[in-house]
Amino acid sequence: MSALGLAFAAVAAAEALDDPVPTAASNAGHDGPRATVDAPKPVFALNERNARVRTLRDFQELVDLAPAGSTLVPPPGAYRGPVLVDKPLVIDGRGQVTIDAGDRGTVFTLRADGATIRGLHLTGSGESPDTDDSCLDVRGNDNVVESLVIDNCLFGIDLKQSNRNQVRKNRISSKPLDLGMRGDGLRLWYSNDNVIENNVVVDSRDMVAWYSSRNVFRGNEGRGSRYSLHFMFANDNLVENNRFYDNSVGVYLMYTERVHLRHNVISHATGAAGMAIGFKEASDSDIEGNEIVYCAVGIGSDISPFQPDTTIRFKDNRIAYNGIGFQFTSELGGNIATGNVFEGNLTNVVQSGRGKANLNRWSGNYWDDYQGFDRNGDGIGDVPYELYAYTDQIWSEIPAARFFRNSPVMELLDFLERLAPFSSPELQVRDEAPMFMKPGRPT
């Protein structure tokens, strides 16, 4: 069979999908009008691209020849980008196909509904943030993007006004630039009801969801980036069973509502801005069953919850071996913490400002520095857990002083303050029914 014959397997696209895709009729009226949101993409002549791609076959030729609704299985090898797919196709590289744009522009653009792109290696985008040079632009609905290897690209996968897509099992990394100069590994912008699952994003800038609602982020891994996951004006999203390591910030919720974070592991968010989970004017969310360890700040809250008469619920999380377990700034109250484990933190809770401790509700948490007893054996401490700030006020109110935390001088000042206070200590937290024994970790 000829190479061209090998390239096209006349199999209906719907039959090749692992999961059924909703039909256009079933989603009628669900999507709003699409606007042109991209900056104009420049066109580069072949001689402007890296010499390594000039002798490669143009992948666009194969796409243009493939009938809509067919499956394209390209012969193994390297091809030249850029590529535009504007019809429903299944393109299956089977892990043996590379598409390289020669370090100019965007590598691959999917402007179709109901397509599948899998098993490709996309590489060699440009470096311009002005035109969002990326490996893959998705501008359509009900697509499947899976098992791609994406590297040497400024932005990885970029979804704009694209709904109900499945983005799964991809490995994404940016160009080897300084952290702030990289593009986002995965970005959702005005994109709803997508499933982002089992992807690995390393050495990029951020994974972001802006103005994007009802998305699921499940089973992903993020390492070596700035924000593992950053929400802004994004409501009703689910984040579960992810692993975020060695990033500046784990998950940040900004101006969001009804976000559910559960059963994630976030560790080693260190540095001056290191934080596992952060809130900025966020509301009505559930943080449950997460493992938050070895971060500068475990949970940081700023004016959250923001909406009146709402709460943020923290339940059954393990907050361990962080510099600060829980830090509140500009506190309004409305946080509820139950069943959490606080252990090994330099300081469990820090409240900025005075008279704020009673604004939040603490009950049934385990505190490793609790000094009471459980005489009746009911598992609850006989007296409330109370945490006061003595010289802690120095380093909590003057961040530069944190460098000296646990130094001999600070420890001596703290001891003298507790022995004979020369200023009124500030109550940070009061748990009326502290858990006496540390609960066993779930298997």
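## Overall architecture

Helices (H or I, at least four residues) and strands (E, at least two) are DSSP runs that are numbered from the N terminus. On this basis, the secondary structure of the chain comprises five helices and 40 strands. The structure is a predicted model, in which local features need pLDDT of at least 70 and side-chain atom pairs count only at pLDDT 80 or more, while totals for chains, interfaces and linings use all residues. Residues are numbered from 1 along each chain as its sequence is written, and side-chain values use heavy atoms, with hydrogens and water left out.

The chain has 443 residues, of which 52% are buried; buried denotes under 20% relative accessible area, exposed over 50%, and partly exposed in between (1.4 Å probe, protein chains only). Contact means heavy atoms within 4.5 Å. Of the contacts between residues at least 6 apart in sequence, 55% join residues at least 24 apart.

## An enclosed strand and its partners

Strand E9 (residues 134-138) has five of its five residues buried, so the strand is largely enclosed by the rest of the structure. Two strands pair if DSSP finds at least two bridges between them. Strand E7 (residues 108-110) runs parallel to E9 and is joined to it by three bridges; here Thr109 stands opposite Asp137 of E9. E9 also pairs with strand E12 (residues 155-160), in the parallel sense and over four bridges. Val138 has Leu159 in E12 as its bridge partner.

## Nonpolar cores

A nonpolar core is a set of buried Ala, Val, Leu, Ile, Met, Phe, Trp, Tyr and Cys residues joined through side-chain atoms within 4.5 Å. The largest such core holds 72 residues, and Phe59, Ile91, Ile99, Phe108, Leu122, Ile157 and Phe231 touch the most other members. Leaving aside neighbours within four places in sequence, the contacts of Phe231 include Trp210, Phe217, Val251, Leu253 and Met254. Another core, of nine residues, lies apart from the largest one; Val249, Met254, Ile324 and Val350 are among its members.

## Aromatic pairs

Rings of Phe, Tyr and Trp (its six-membered ring) pair if their centres lie within 6.5 Å; planes under 30 degrees apart count as stacked, over 60 as edge-to-face and the rest as tilted. The structure contains 18 aromatic pairs by this rule. The rings of Phe328 and Trp362 have centres 6.1 Å apart and planes at 90 degrees, so this pair is edge-to-face. The pair links distant parts of the chain, with Phe328 in strand E33 (residues 324-329) and Trp362 in strand E37 (residues 361-363), 34 residues apart.

Both partners are buried: Phe328 has a relative accessibility of 0%, and Trp362 has a relative accessible area of 4%. Trp362 also forms a tilted pair with Trp367, at 5.8 Å centre to centre and 55 degrees between the planes. Trp367 is itself buried, at 1%. Ring pairs join Phe279, Phe314, Phe326, Phe328, Phe342, Trp362, Trp367 and Tyr385 into a cluster.

## A buried serine in a loop

Ser283 lies in the loop between strand E27 (275-280) and strand E28 (285-288). Its relative accessible area is 1%, so Ser283 counts as buried. The side chain of Ser283 reaches the backbone nitrogen of Gln307 at 2.8 Å. Not counting residues up to four places away in sequence, Ser283 touches several residues, including Thr256, Arg258, Phe306, Gln307 and Ile312.

How values were computed
A polar contact is a pair of N or O atoms within 3.5 Å; within protein, one must be able to donate a hydrogen and the other to accept it, and residues adjacent in sequence count only if both atoms are side-chain atoms.
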